[in-house]
Amino acid sequence: MSQHPISSDPATVKAHQHAREQNLTTVWERHEAVKPICAFGDLGLCCTICYMGPCRIDPFSAEEIRGACGAGRDTISARNFTRAVAAGTAAHSDHARGICHTLIETGQGKAQGYRVMDLDKLKRVADEHGLKTADVSFADLAVRLGQRLLENFGQSEGSVSFLKRAPKGQQERWERAGVLPRAIDREVVECLHRTHEGVDAEYRSLILQAVRCALADGWGGSMIATELQDVIFGSPRPIRSRVNLGILKKDQVNVVVHGHEPVLSEMLGVAAREPQMLEYARSKGAEGINLSGICCTANEILMRQGFPVAGNFLQQELAISTGAIEMMVVDVQCVMPGLQQMASHFHTKLITTSDKARIPGIEHVPFNEHEALDCARSILKNAADNFVRRNQASVDIPEEVMDLVAGFTAENTFHHLGGTFRSTYRPLNDAIMSGRLRGVVGVVGCNNVRVQHDYNHKTLVEELLRNDVLVVETGCAAIACAKEGWMRPEAAREIAGKGLQEICEVVGIPPVLHMGSCVDNSRILIACTEMVREGGIGEDLSQLPVAAAAVEAMSEKAVAIGLYAVASGITTFFSPAPRVLGSPAVYEYLTQGIEKDFGAHWVFEADPHEVARGIIAHLDQKRTALKLEPMKYQQPLARTA
Ligand code: NFS
């Protein structure tokens, strides 16, 4: 076991300790068991693409070694990178496709329990797509918008429709580089085709295709998912809730949703509040039903309904090991198959619900939108029935729990900053121009067992806050900082630099804004675009004093997000690095050369203090280029530095 505790979150350390005492295995033990990590794979130098290999390229060899087909380290590493981006894009975009269908079926009255909650957004997005909105019923409009957005996946002409939202300068760069995504599915397919054995062997050409695919994610799949989820389930508004394992209740039926698609969990949210459901739970001896979540499904029902969050990615098994969960309902992505082994030691029922994702040894309860509410009710009943099987004597719930405010969006956050009823980015831009705020940074992404759980997120964010940087977050990074208490408005006084404190206090927002799930990184793209439109801090995303960071990255989705951020002009600090370190050429292009094409680059830096310094230097450099006023308050870089 490593020197440091597995996590910087006390609840996680305790729950892990408790699990170990019972001889239960978690991701940390399995990770130890697979060490050493394969260095060829880690560097991106293991090629498994054809069946002559796998070929492994020794990076230290004096003469250049090539795979059997003649592919060298640059080709191999670029192909591996491109495939990761394709998989990440596929995940976000398939999610979006599902939401398009849900919108259509909602309009057709076929999706039980759903209705269009944000009519205003429905009209706005329909308008944007040139659909006639006058004298059309909302139901018809929902159907037509769903169908129109579905075209983004397979159209044979034109390009992904939301790209037009980007600032002109960025659109021109994309056009010049030849990376305007045509259709989402097409870009994923083309990544797979080009990386097939014996097709594209030129690293830059491969990476530009990866860019085209990633843009189809950020300005395509992810944006469609966010926008339509707002339309169907309602746009988030600031909402209070609680976070960490301590939200599990000893005297209630604990139901935890986990994964990414909110379609079923939104209905569980509705059903969990129905009087007859609560009555049923009481008839089983429980005081009520406590619905909560893990990972991004959690973020979705938090943002819109205020349900509490049990934890982030690395806490999924530990939630079960508390012995307090009656039912864990999983859909897609970031769901560890290891949950099955953990659940087998407890009364916890684990069920898979998506046609796309099954786990050996786990009951599959197919979710059907046509009977969504009935399906949700039956799941909750099943959970309540399971309450009597719980062994209360062995339940061990860590007491850690924290308050938070979530629910910020590109539309509402700066509505607040405006301090008026008109949504305007003026006060935000003014705060940046006058040196109260240094800039805005999106800290996003996963947990990774290779990094002390939550440590990088918190270390980085703390330093940013102290240096007057407004932080916006999504995904598991958001959950990490929420647990630390930085999503309470009071946190500004406790931790933020003076300038940031002033802004937070005037507007009444926390210094770290929860902007949702990982598909909601598209909200950050929109917010940056609005900052450009408001004027005074750059003509293009690449000129803004902004940056992105994913410092505990784990999934292929994170790689796709990193790439679309960079291609959109947002310099991105990312670690652990994607598997490109074995190719000096690919490394050089991603960290330097790409800047010429898109106005931003990657930084692969593992030390969160260094990342903080790098980001601050980056923001200052952008400020200098824009000739903005010096920072109003000078303070030491950071207590911890
Ligand atoms: Ni994002 Fe959200 Fe978490 Fe990483 Fe997984 S839950 S989609 S991939 S681990 S942040």
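What covers the buried residues of helix H6? I put this to the predicted model before turning to other elements.

**Entry 1: helix H6.** I located H6 at residues 138-154. Its 17 residues reach 25 Å from the first C-alpha to the last, close to the 24 Å expected at 1.5 Å a residue. I listed its buried residues as Leu 141, Ala 142, Val 143, Leu 145, Gly 146, Leu 149, Asn 152 and Phe 153. The cover over these residues includes helix H4 (73-107), helix H5 (119-128), helix H8 (184-195) and H9.

**Entry 2: helices H9 and H22.** I next examined how H9 (residues 203-233) packs with H22 (residues 521-534), and found an angle of about 95° with the axes 8 Å apart. Angles of 65 to 115 degrees count as roughly perpendicular, and H9 and H22 are therefore roughly perpendicular to each other. From H9, the contact draws on Gly 218, Trp 219, Ser 222, Met 223, Thr 226 and Asp 230. H22 contributes Ser 522, Arg 523, Leu 525, Ile 526 and Thr 529. I sorted the residues of this contact into 4 nonpolar, 5 polar and 2 charged.

**Entry 3: Val 330.** Is Val 330 buried or exposed? I found Val 330 in strand E7 (residues 325-330). Its relative accessible area is 1%, so Val 330 is buried, the cut-off being under 20%. Leaving aside neighbours within four places in sequence, I recorded contacts of Val 330 with His 258, Val 335, Leu 339, Leu 350, Ile 351, Thr 352, Thr 353 and Ser 354. I also looked up Leu 541, which is 211 residues from Val 330 along the chain; their C-alpha atoms are separated by 37 Å.

Technical notes: Residues numbered from 1 in each chain as written. Predicted model: local features only at pLDDT ≥ 70, side-chain atom pairs only at ≥ 80, totals over all residues. Heavy atoms only, no water. Axes fitted to C-alpha atoms, helices over the stretch in contact; angles between N-to-C directions. Helix = DSSP H or I, 4+ residues; strand = E, 2+ residues; numbered from the N terminus. Parallel < 35°, antiparallel > 145°, perpendicular 65-115°, else oblique. Contact = heavy atoms within 4.5 Å. Nonpolar A, V, L, I, M, F, W, Y, C, P; charged D, E, K, R; others polar. Expected span 1.5 Å × (residues − 1). Buried < 20%, exposed > 50% of the residue type's maximum accessible area, 1.4 Å probe, protein only.
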